[in-house]
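Biologist: Hello! Could you take me through this model and tell me what stands behind each of your terms?

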Amino acid sequence: MPPAAVRRVACVGAGVIGGGWVAHFLARGYPVTAWDPAPDAEAKLRRLVDAAWPALTELGLAAGASRDNLTIASTLDAAVAEAEFVQESAPEDLELKQDLLARIDAATPPGVIVSSSTSGYGMTEMQERCATPHRLVVGHPFNPPYLIPLVEVVGGERTDPSAVRWAAEFFKVAGKSVIVMDREVPGFIANRLQEAIWREALHMVANGEATPAQIDASITEGPGLRWPMLGPCLTFHLAGGEGGMAHMLDHFGPSLKSPWTRLEAPELTDDLRERMVRGCEEAAEGRSIAELVAERDRALIAVLRALDGVRNGR
Ligand SMILES: NC(=O)c1ccc[n+]([C@@H]2O[C@H](COP(=O)([O-])OP(=O)(O)OC[C@H]3O[C@@H](n4cnc5c(N)ncnc54)[C@H](O)[C@@H]3O)[C@@H](O)[C@H]2O)c1
């Protein structure tokens with residue numbers, strides 16, 4: 001089936017990410033069938049979709065998009081039986097994913113592509129127990145998948161390269177921005193970069209060098225403002241002035257060896273956990289998770305619109 005002909009999407013696992021995928025596909029006009037084994041999963045999923053819908057409506061729904069196009073399946077087999085594309089978003093646990101993907105593979109019609117939201121496992125290890133591993137890919141999204149465009153797509157050793165190409169094309173048709181990776185890298189591209197920052201942040205909190213609020217402000221009031229438009233490479237290209245990246249490297253190259261980073265992860269002690277949790281509560285200044293999500297979504301829409309304006313004016 002050509003990617004543009006897909007109508008029926010199945011989402012397996014409907015927590016933060018699976019629910020976000022459901023909201024995204026519904027807003028793009030797809031009928032979605034979801035399955036999640038948790039007893040309270042349906043209520044949580046509907047709350048998540050309801051919370052996302054105002055933002056999605058403001059951004060513009062596809063023709064025919066409706067929350068009524070969501071079906072909750074009572075079994076995994078029923079969820080994928082008629083699927084034309086499957087997105088798996090179960091907990092990040094290798095044993096669980098290996099077992100679940102084998103069950104999905106057994107129940108999904110032949111030839112239908114199955115994608116996993118994993119944050120870091122390689123498809124090679126996840127597809128080990130599948131009978132038809134050639135159709136499994138990683139489609140790694142970012143939270144919330146209904147607003148952040150990026151999906152990193154990569155196959156495993158037993159994935160057919162045509163499945164990777166098909167999935168990339170499907171995600172594009174479905175409104176995502178796609179990076180196709182031709183080899184497996186732990187954490188893919190973006191999580192590898194995020195993880196470097198995250199480790200440094202934990203070191204600074206563990207050593208009393210900065211609070212969670214200071215760390216967040218250092219990004220949101222600083223380099224984070226450039227990142228929606230310029231990634232780290234073009235940001236530093238401009239840091240070199242008229243000499244660009246060449247001057248930047250000649251000027252600051254020696255400082256690459258300065259002991260600025262401590263990229264080994266710190267021990268996640270009870271004390272560090274407590275400082276992070278309390279520090280984030282302080283940084284939230286009394287706002288609930290639901291309030292923070294609504295505020296984040298409004299801000300993301302504003303950023304996406306601003307970027308559209310700048311890019312269209314190029
Ligand atoms: N949270 C993020 O920012 C983020 C970003 C990108 C990718 N991911 C990845 O997405 C996946 C899901 O993460 P999440 O943050 O949504 O977790 P989550 O805990 O919010 O949701 C996981 C859901 O899976 C369900 N579940 C449990 N066992 C299951 C099973 N056997 N089969 C199907 N569903 C099952 C749970 O009931 C729960 O609703 C993980 O692989 C994670 O690494 C997460």
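Modeller: Gladly. The protein is divided into domain 1 (3-180) and domain 2 (190-312), with bounds that come from an automatic or database domain assignment. This is a predicted model, where local features need pLDDT of at least 70 and side-chain atom pairs count only at pLDDT 80 or more, while totals for chains, interfaces and linings use all residues. Residues are numbered from 1 along each chain as its sequence is written.

Biologist: How far apart do the C-alpha centres of domain 1 and domain 2 lie, and how many residues does the contact take from each?

Modeller: The centres are 28 Å apart. Ten residues of domain 1 and eight residues of domain 2 make the contact, where two residues are in contact if their C-beta atoms, placed from the backbone, lie within 7 Å. On the domain 1 side, α2 (41-59) and β7 (150-155) each supply at least two residues, and α2 gives the most, with four residues. Helices (H or I, at least four residues) and strands (E, at least two) are DSSP runs, numbered from the N terminus.

Biologist: What classes of residue make up the side of domain 1 that touches domain 2?

Modeller: That side has six nonpolar, two polar and two charged residues. Ala, Val, Leu, Ile, Met, Phe, Trp, Tyr, Cys and Pro count as nonpolar, Asp, Glu, Lys and Arg as charged, and the others, Gly among them, as polar.

Biologist: Why is α1 called oblique to α2?

Modeller: α1 and α2 pack at an angle of about 45°, with their axes 9 Å apart. Axes are lines fitted to C-alpha atoms, for helices over the stretch in contact, and angles run from 0 to 180 degrees between N-to-C directions. Angles under 35 degrees count as roughly parallel, over 145 as roughly antiparallel, 65 to 115 as roughly perpendicular and the rest as oblique. That makes α1 oblique to α2. G19, V22, A23, L26 and A27 of α1 meet L45, L48, V49, A52 and L56 of α2. By class, this contact has nine nonpolar, one polar and no charged residues.

Biologist: What makes α9 roughly perpendicular to α10?

Modeller: Helix α9 (residues 232-239) packs against helix α10 (residues 244-252) at an angle of about 80°, with axes 7 Å apart. α9 is therefore roughly perpendicular to α10. In α9, F236, H237 and A239 meet G244, M245 and M248 of α10.

Biologist: Which residues come nearest to the ligand?

Modeller: G13, G15, I17, A38 and S119 come nearest, of the 23 residues around the ligand. A residue is near a molecule if its C-beta atom, placed from the backbone, lies within 6 Å of it. α1 (16-27) and α4 (94-107) each supply at least two residues of this shell, and the largest share, three residues, comes from α1. By class, the shell has 13 nonpolar, eight polar and two charged residues.

Biologist: What kind of peptide bond joins N143 and P144, and where is F188?

Modeller: The bond between N143 and P144 is cis, with omega about 0°, and P144 is found in the loop between β6 (136-140) and β7. F188 lies in the loop between β8 (177-180) and α7. F188 has a positive phi of about 55° although it is not a glycine.
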